[in-house]
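Subject: Handing over a structure, with notes

Dear colleague,

I am passing on the structure below, together with some notes on what was found in it. Please keep the model open while you read, and look up each residue as it comes along.

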Amino acid sequence: MSSNPLRSLSPRSVLPALAVLLVLGAGAAAHANRPVPFGDRVVDPGGADASPVGAQSLDAGALEFKVGPGLEAYDRGTGQHLWSYRREGATALHTAMVGENAVVVWDDGMVTSVHPSDHAVRWHRSVPGLADWLRADGEPGAADRTDTQKRDTALKRAAAALQPGIEEEPWVAVVTPSLTMGFRERDGDLRFNSRPATGCSYDPLRAVHTANAMLVPRTCTGTTGAGHPLPGGISGFQLSGHGWQLNAGPDVQLRQIDAHRVSIEDGPIIGSRVFDTTEGSPETACGSPAEPFAAVSPTCSK
């Protein structure tokens with residue numbers, strides 16, 4: 001047996017082995033040079049493509065987050081800029097903590113979840129129509145707005161679009177006038193999506209969330225097949241996808257009272273009442289004729 005195995009191989013048998021090595025080498029080079037998905041880039045303040053070691057030891061409670069142009073992390077105690085998470089060609093507009101992670105809304109309609117302690121990206125989701133609404137494309141007067149007005153509009157809308165919840169587990173709803181989508185935070189799984197009826201639209205700027213639900217008014221300008229105006233209302237959503245449809249007028253106002261209750265102010269249709277998102281029904285006032293039949297028993301002082 002030869003002491004040099006290569007000498008026992010014929011030229012024909014060596015060529016396939018060399019071809020394999022060339023393919024593997026080309027594959028490794030392509031992997032190293034492939035574009036970063038979504039333009040992701042995590043950098044420290046003084047370097048490129050590097051992560052600061054100090055940030056690894058900090059939990060989310062020790063960090064302060066700001067947006068623009070990316071997600072910027074600062075040491076809450078010292079104010080030191082620790083790291084930036086950025087996406088090339090996109091600007092971060094709003095962020096909120098959802099469970100243990102920071103969820104970011106970008107001006108290109110992308111929503112991203114980032115784990116703060118190791119700045120690892122957990123998921124990206126694109127929401128149809130979100131970018132157009134953030135830019136106010138095609139709306140009356142949009143073309144005449146200054147750059148500052150356009151940015152203020154985008155920031156306000158991004159904050160309204162992102163509605164977080166923590167029960168049954170951390171999740172987030174993203175609201176646009178034409179679409180509402182709900183994502184489970186731990187993996188970005190789409191749990192529900194809803195479009196308003198034809199001739200209606202959601203109003204994200206009036207949406208509110210509680211610990212377990214999100215409520216958003218919908219305004220309708222269309223008519224039924226019989227020519228009657230379509231009624232407005234309130235759509236409620238939960239992580240499970242089970243929700244509610246409430247009648248309301250076009251100017252209904254919602255306000256979060258606590259972790260599970262929302263104040264509904266709507267004179268023409270339902271007046272003033274409190275909606276309990278745990279029970280999924282309005283509370284009944286003490287002394288009301290409906291009290292014996294209330295889905296949510298009122299708490300009355302004796």
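T180 has its place in strand β11, which covers residues 179-184; strands (E, at least two residues) and helices (H or I, at least four residues) are DSSP runs that are numbered from the N terminus. At a relative accessibility of 0%, T180 counts as buried, a word that stands for a relative accessible area under 20%, while exposed means over 50% and partly exposed lies in between, all with a 1.4 Å probe and protein chains only. Once its neighbours within four places in sequence are left aside, T180 is in contact with V174, V175, F192, N193, S194, Y202, M214 and F237, where contact means heavy atoms within 4.5 Å.

Before going further, please note that this is a predicted model, in which local features need pLDDT of at least 70 and side-chain atom pairs count only at pLDDT 80 or more, whereas totals for chains, interfaces and linings use all residues. Residues are numbered from 1 along each chain as its sequence is written, and side-chain values use heavy atoms, with hydrogens and water left out.

A pair of aromatic rings is described by the distance of the centres and the angle of the planes. Rings of Phe, Tyr and Trp (for Trp, its six-membered ring) pair if their centres lie within 6.5 Å, and planes under 30 degrees apart count as stacked, over 60 as edge-to-face and the rest as tilted. By this rule the count comes to 7 aromatic pairs. In one of them, the ring centres of W123 and F183 are 6.0 Å apart and the planes stand at 35°, so the pair is tilted. This pair links distant parts of the chain, since W123 is in strand β8 (residues 120-126) and F183 in strand β11, 60 residues apart. W123 is buried at a relative accessible area of 3%, and F183 is buried at 2%.

The pair of F192 and F237 is stacked, with 5.3 Å from centre to centre and 5° between the planes. F192 lies in strand β12 (residues 190-194) and F237 in strand β16, so this pair ties together parts that are 45 residues apart in sequence. F192 is buried, with a relative accessible area of 8%, and F237 counts as buried at 6% relative accessibility. W171, F192, Y202 and F237 form one aromatic cluster.

Strand β16, residues 233-237, is joined by 4 bridges to β17, and the two run antiparallel; strands are said to pair if DSSP finds at least two bridges between them. They form a hairpin with 6 residues between them, and G241 in the turn has a positive phi of about 95°. S235 stands opposite Q245 in β17. In a regular strand the side chains alternate between the two faces of the sheet. Strand β17 (residues 244-247) has W244 and L246 on a covered face, and Q245 and N247 on an uncovered one.

What holds C200 and C220 together? They form a disulfide, with their sulfur atoms 1.9 Å apart, a disulfide being a pair of cysteine sulfur atoms within 2.5 Å. C200 lies in strand β13 (residues 200-202) and C220 in strand β15 (residues 214-220), so the pair ties together parts that are 20 residues apart in sequence. The torsion about the S-S bond is about 105°, so the disulfide is right-handed. C200 is buried at 15% relative accessible area, and C220 counts as buried at 16%.

Lastly, there is the interior. A nonpolar core is a set of buried Ala, Val, Leu, Ile, Met, Phe, Trp, Tyr and Cys residues joined through side-chain atoms within 4.5 Å. The largest one has 20 residues, of which V111, V127, L130, L134, L162, V174 and F183 touch the most other members. At least two residues of this core come from each of β5 (92-98), β6 (101-106), α2 (130-135), α3 (147-161), β10 (171-176) and β11. A second, separate core of 14 residues includes L63, Y85, V104 and W106.

With best wishes
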